[in-house]
Amino acid sequence: SRFILSLEDDLMRIFASDRLREWMKHLGMEEGVPIESRMVSKSIERAQKQVEGRNFEMRKHLLEYDDVMNKQREAVYHLRRDVLEGKENRDWVLRGARAIVVSLVDSYCPEDKHPDEWDQEALEREFKDLFGMTTAQADVSWETINRPQLLERLTAAVEQRFEERERTLGADQFRQLERYLILSVLDAQWKDHLLALDHLKEGIGMRAYGQRDPLVEYKRESFDLFQEMMERVEDQVVQYLYRVELVQQAPEHRHRQVAHREQKAEASGLAGERKEAQHSPGSTTPTTVRRSTPKVGRNDPCPCGSGKKYKKCHGAGDGTAPS
């Protein structure tokens, strides 16, 4: 087998040495003349090795990028498996609620600011929006309270509120609600996170122009996105659990639903009985009507003997053949 390769091909133009082209010009080689030389063969071999090395590096980087996403996927699926098995769902929600309280206090009541400079209105608004209760219900008096007391009372109020809702809705029903909310919110946020990672991967290569390793930047920013996603999951699950209200159906409505299902089942049963009766041996079968005379085609001679086609004679009227 012989392989034909031009010096103007991308393989030779990008990876081969310019000395080869200059050497060919120096020898006075004309275009279209086949070249058979050990020097040319070695140049092609070196170019092929460079291409293979480049492709290997591309595949290696692709696997490293996928490994970052795979580690996050393992963490999410591990959490989903624990939720489905009912492992510490209650403790997970309480840990998230406590973390939210700490985050609110750190954001609006930082240690390096005097209590007079705290953003009390923002804390009141966020706390009520997340937990469905005011700071006054947590026995918070802004005139005399300090930061450790504020954190302690808000945390105690959140835990007490959780236990009250658990007793009100029932432990079993509350566990089912926890499982449903965690899985629903986690799945929705994970889909959005995968889309965000795809967008990040598309433009991360531009970081190389700023003398930064794209892979290192991708690992750092994807980890930040993952942390933000998990925080959103905790916030939404806690907010739903603390504010959701279950509506129970009235007894009359349930009775109507049961009666409707019974009527539907009875109607389907009667339809099945009719179908069985039609196919039973004792049932009357419909008789088949057969023609006493052969059917006359539209282009056949009319049976009346006029010599015309049937469609031009008696077939042009009501379609009945003459007697």
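How much accessible surface does the chain have, and what share of this surface belongs to carbon and sulfur atoms? The accessible surface comes to about 23600 Å². Carbon and sulfur atoms hold 50% of this surface. Accessible areas were computed by the Shrake-Rupley method with a 1.4 Å probe; for residues, only the protein chains shown count as cover.

The model is predicted: local features need pLDDT of at least 70, side-chain atom pairs count only at pLDDT 80 or more, and totals for chains, interfaces and linings use all residues. Residues are numbered from 1 along each chain as its sequence is written, and side-chain values use heavy atoms, with hydrogens and water left out.

The chain contains 9 helices and 0 strands. Helices (H or I, at least four residues) and strands (E, at least two) are DSSP runs, numbered from the N terminus. Read from that end, the order of elements is α-α-α-α-α-α-α-α-α. The chain has 323 residues, and 25% of them count as buried. Here, buried means under 20% relative accessible area, exposed means over 50%, and partly exposed lies in between (1.4 Å probe, protein chains only). Among contacts with a separation of 6 or more, 61% join residues 24 or more positions apart. A contact requires heavy atoms within 4.5 Å.

Helix 5 spans residues 120-131, and helix 6 spans residues 147-169. Their axes come within 12 Å and cross at roughly 20°. Axes are lines fitted to C-alpha atoms, for helices over the stretch in contact, and angles run from 0 to 180 degrees between N-to-C directions. Helix 5 and helix 6 are therefore roughly parallel to each other, a term for angles under 35 degrees. From helix 5, Leu123, Phe127 and Phe131 take part in the contact. They meet Leu150, Leu154, Val158 and Arg161 of helix 6. By class, the residues of this contact are 6 nonpolar, no polar and 1 charged. Nonpolar covers Ala, Val, Leu, Ile, Met, Phe, Trp, Tyr, Cys and Pro; charged covers Asp, Glu, Lys and Arg; the others, Gly among them, are polar.

Aspartate 139 sits in the loop between helix 5 and helix 6. Its phi is positive, near 60°, and the residue is not a glycine. Aspartate 139 is exposed, with 56% relative accessible area. Glutamine 211 belongs to the loop between helix 7 (171-203) and helix 8 (214-243). Glutamine 211, also not a glycine, has a positive phi of about 60°. Its relative accessibility is 74%, so glutamine 211 counts as exposed.

How values were computed
Parallel < 35°, antiparallel > 145°, perpendicular 65-115°, else oblique.
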